[in-house]
2 protein chains.
Amino acid sequence: MKLATLKQGGRDGTLVVVSRDLARCRAVPAIARTLQAALDDWENCEPQLRQVYEALNSGAVDAQPFDEAACHSPLPRAYQWADGSAYINHVELVRRARNSEVPESFYSDPLMYQGGSDSFIGPRDRVVADEAWGIDFEAEVTVVTGDVPLGATPAEAAKGIRLVMLVNDVSLRNLIPNELAKGFGFFQSKPASAFSPVAVTPDELGDAWHDAKVHLPLVVHLNERLFGRPNAGVDMTFDFGQLIAHIAKTRELEAGSIIGSGTVSNKQGGLWGSSIEHGGVGYCCLAEVRTYETIEQGKPETPFLRDGDTVRIEMLDADGRSVFGTIQNTVEALRR
Amino acid sequence: MKLATLKQGGRDGTLVVVSRDLARCRAVPAIARTLQAALDDWENCEPQLRQVYEALNSGAVDAQPFDEAACHSPLPRAYQWADGSAYINHVELVRRARNSEVPESFYSDPLMYQGGSDSFIGPRDRVVADEAWGIDFEAEVTVVTGDVPLGATPAEAAKGIRLVMLVNDVSLRNLIPNELAKGFGFFQSKPASAFSPVAVTPDELGDAWHDAKVHLPLVVHLNERLFGRPNAGVDMTFDFGQLIAHIAKTRELEAGSIIGSGTVSNKQGGLWGSSIEHGGVGYCCLAEVRTYETIEQGKPETPFLRDGDTVRIEMLDADGRSVFGTIQNTVEALRR
């Protein structure tokens with residue numbers, strides 16, 4: 001089943017069920033006005049939403065054209081956005097660039113930070129930020145949970161996964177060193193994120209969903225140039241069940257919590273061979289190619305995003321069809 | 001005006017207007033069913049809620065008895081809970097205990113972390129945690145904002161303050177060193193917080209609210225023994241306008257965001273003289289007295305909370321009347 005939120009009807013938008021081919025949609029006010037309302041009462045709403053989804057796919061029900069550009073993030077605001085760093089390759093690279101070891105514990109104890117969730121931007125909205133902050137994108141996979149009890153095991157936690165989405169976890173790289181030095185983690189360096197137009201139930205991914213991971217390439221374009229297509233199912237050290245269980249160690253999760261994978265990153269050789277141009281799978285953020293450049297050439301060469309730069313993030317199924325619709329964010333530099 | 005949320009009517013509870021003396025309350029479904037709904041449309045709702053408040057205080061309207069024990073946190077879940085560390089004395093003490101300097105930047109650049117906000121506990125709920133985690137309380141003042149634009153100055157940000165509450169920011173001290181060493185800040189070490197039964201508009205504080213600070217003692221009892229009563233208006237290095245502006249530097253805040261002061265802490269001499277028994281104003285968390293003990297005696301002596309321990313947090317006005325009602329959390333140790 002595919003769900004989206006149109007930018008109309010209030011702060012939380014209007015929930016629509018979307019046809020599998022992303023061509024048509026239908027609002028469902030009699031079932032749930034918003035995605036959060038559906039998640040709050042999922043056991044009751046989910047079978048009704050599925051009926052609409054099947055009718056949409058078979059053409060048996062009235063529908064309106066689905067316009068990704070009219071969408072907000074599926075949850076325009078959420079009660080939780082917790083982002084992991086499950087692709088340890090990303091961490092290994094960053095550490096190698098500054099000649100520090102990855103602690104052994106990082107392979108058994110996930111890195112995770114609490115993100116701001118009160119005000120996401122939409123999948124086609126602009127990223128408004130100061131170029132001096134070092135604007136970067138991070139293409140990731142995320143899940144949305146139902147209620148998960150305190151102390152849930154990874155297997156129990158995985159059963160709490162309701163939906164899958166993509167995210168552009170916008171990051172302000174030049175603000176990170178100072179924030180991490182302060183010891184309290186990311187804060188100003190993580191402005192509002194943008195999620196894919198469409199959220200899908202895990203069954204919608206078919207064989208590509210197993211072991212609580214999405215086994216498909218995550219495709220990133222920068223200014224129309226293919227920049228990355230690493231497989232989200234490869235080199236993911238912690239699956240979503242493990243990430244959710246990490247949170248649930250000391251507190252319960254309430255329905256509508258969004259959990260991120262961290263920047264998708266596949267282990268490759270060095271810089272030469274890792275980029276798309278040299279036959280690699282490329283990258284899901286600028287920081288990673290800058291790290292390769294630092295390791296091999298002594299300093300980064302690829303600049304961060306500038307005014308007018310556009311990043312596009314999507315995931316295609318085995319037949320080349322877009323699963324989640326497309327995140328497409330253009331940078332609008334803050335003038336001061 | 002005083003507002004509270006009863007534990008009935010769904011995940012977000014039922015909004016009630018509470019009389020100034022906390023004796024009576026009245027649900028206002030025709031105005032707003034939940035506090036978040038009122039905050040989402042504050043300009044429209046606030047004057048209507050004030051009419052009910054005035055009628056309640058004058059006895060001109062039907063009301064039910066107000067029972068603090070029937071309350072959830074005013075926002076049972078929120079879209080944002082960002083906690084500062086505005087009382088630098090607390091940071092200075094912790095640093096002195098480990099012989100490290102407080103960086104100069106800490107006096108101009110607030111420390112702040114993003115807390116989990118999907119599932120708060122109620123003001124009289126139990127804190128369920130493992131004693132081995134080092135269970136501590138942190139008594140703080142918090143504000144709830146309306147919408148605050150990107151780039152708001154401290155003065156603009158202060159105008160966005162809608163409500164004031166107290167919080168018990170439960171902290172798991174023994175999990176903190178490992179989490180901070182990982183570099184991503186607090187996560188598992190900050191389980192669900194409990195807020196005061198009642199949220200009040202700043203005007204309700206009268207002369208005690210100025211310069212975006214609350215100038216009243218925050219009273220903490222541990223197992224019925226007075227443990228602290230530092231004045232929340234003293235030694236607060238960053239006011240709430242500055243804390244909110246810190247967030248707004250790189251993103252807008254949406255209505256219903258909760259911003260915390262960090263543990264209230266007044267500068268005092270050494271351990272002898274700082275405790276209530278020795279004529280001081282005492283402490284708002286166990287970590288602080290343990291830090292004093294470490295500085296003066298080489299090691300901490302006061303234990304963290306154990307099964308059955310109860311912390312009580314409240315604030316009294318100049319006439320000794322409770323402003324926010326009482327947070328009273330008892331520890332229930334996790335058995336495994």
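Q: Does Asp136(B) count as buried or exposed, and at what relative accessibility?

A: The model is a predicted one. A residue is called buried when its relative accessible area is under 20%. Asp136(B) has 1% relative accessibility and therefore counts as buried. The residue belongs to strand 9 of chain B, which comprises residues 135–136.

Q: Which backbone atom does the side chain of Asp136(B) reach?

A: The side chain of Asp136(B) comes to 2.9 Å from the backbone nitrogen of Ala287(B). Beyond its neighbours within four places in sequence, Asp136(B) is in contact with several residues, among them Val170(B), Ser171(B), Arg173(B) and Cys285(B). Ala287(B) and Phe304(B) are also in contact with Asp136(B).

Q: With which side chain does Tyr113(B) make a polar contact?

A: The partner is the side chain of Asp169(B), at 2.9 Å. Tyr113(B) lies in strand 7 of chain B, residues 112–115, and is buried, with a relative accessible area of 4%.

Q: How many residues separate Tyr113(B) and Phe186(B) in sequence, and what is their C-alpha to C-alpha distance?

A: Sequence separation and spatial separation are read as two values. Tyr113(B) and Phe186(B) are 73 residues apart in sequence, with 7.4 Å from C-alpha to C-alpha. Phe186(B) is also one of the residues in contact with Tyr113(B), and so are Phe184(A) and Phe187(A) of chain A.

Q: Which residues does His246(B) touch?

A: Not counting residues up to four places away in sequence, His246(B) touches Lys182(A), Phe187(A) and Gln188(A) in chain A, as well as Asp109(B), Pro110(B) and Met112(B) in chain B. His246(B) is part of helix 6 of chain B, residues 240–248. A relative accessible area of 7% makes His246(B) buried.

Q: What describes two packed helices?

A: Two packed helices are described by the angle between their axes and by the distance between those axes. In chain A, helix 3 (residues 88–97) packs with helix 7 (residues 286–297) at an angle of about 40 degrees, and the axes are 9 Å apart. The crossing of helix 3 and helix 7 of chain A is left-handed.

Q: Which residues of helix 3 and helix 7 of chain A meet?

A: From helix 3 of chain A come Asn89(A), His90(A), Leu93(A), Val94(A), Arg96(A) and Ala97(A); from helix 7 of chain A come Glu288(A), Thr291(A), Tyr292(A), Thr294(A) and Ile295(A). By class, this contact has 5 nonpolar, 4 polar and 2 charged residues. Tyr292(A) counts as buried at 3% relative accessibility. Tyr292(A) and Ala97(A) are 195 residues apart in sequence and 7.5 Å apart in space, C-alpha to C-alpha.

Q: Why is helix 3 of chain B largely enclosed by the rest of the structure?

A: Helix 3 of chain B is largely enclosed because 7 of its 10 residues are buried. Among them are Ile88(B), Val91(B), Glu92(B) and Arg95(B). The buried residues of helix 3 of chain B pack against helix 7 of chain B. Asn99(B), with a positive phi near 55 degrees, follows helix 3 of chain B.

Key. Residues numbered from 1 in each chain as written. Chains lettered and ligands numbered in written order. Predicted model: local features only at pLDDT ≥ 70, side-chain atom pairs only at ≥ 80, totals over all residues. Heavy atoms only, no water. Helix = DSSP H or I, 4+ residues; strand = E, 2+ residues; numbered from the N terminus. Buried < 20%, exposed > 50% of the residue type's maximum accessible area, 1.4 Å probe, protein only. Contact = heavy atoms within 4.5 Å. Polar contact = N/O pair within 3.5 Å; in protein donor to acceptor, adjacent residues only side chain to side chain. Axes fitted to C-alpha atoms, helices over the stretch in contact; angles between N-to-C directions. Left-handed = near helix turned anticlockwise from the far one by under 90°. Nonpolar A, V, L, I, M, F, W, Y, C, P; charged D, E, K, R; others polar.
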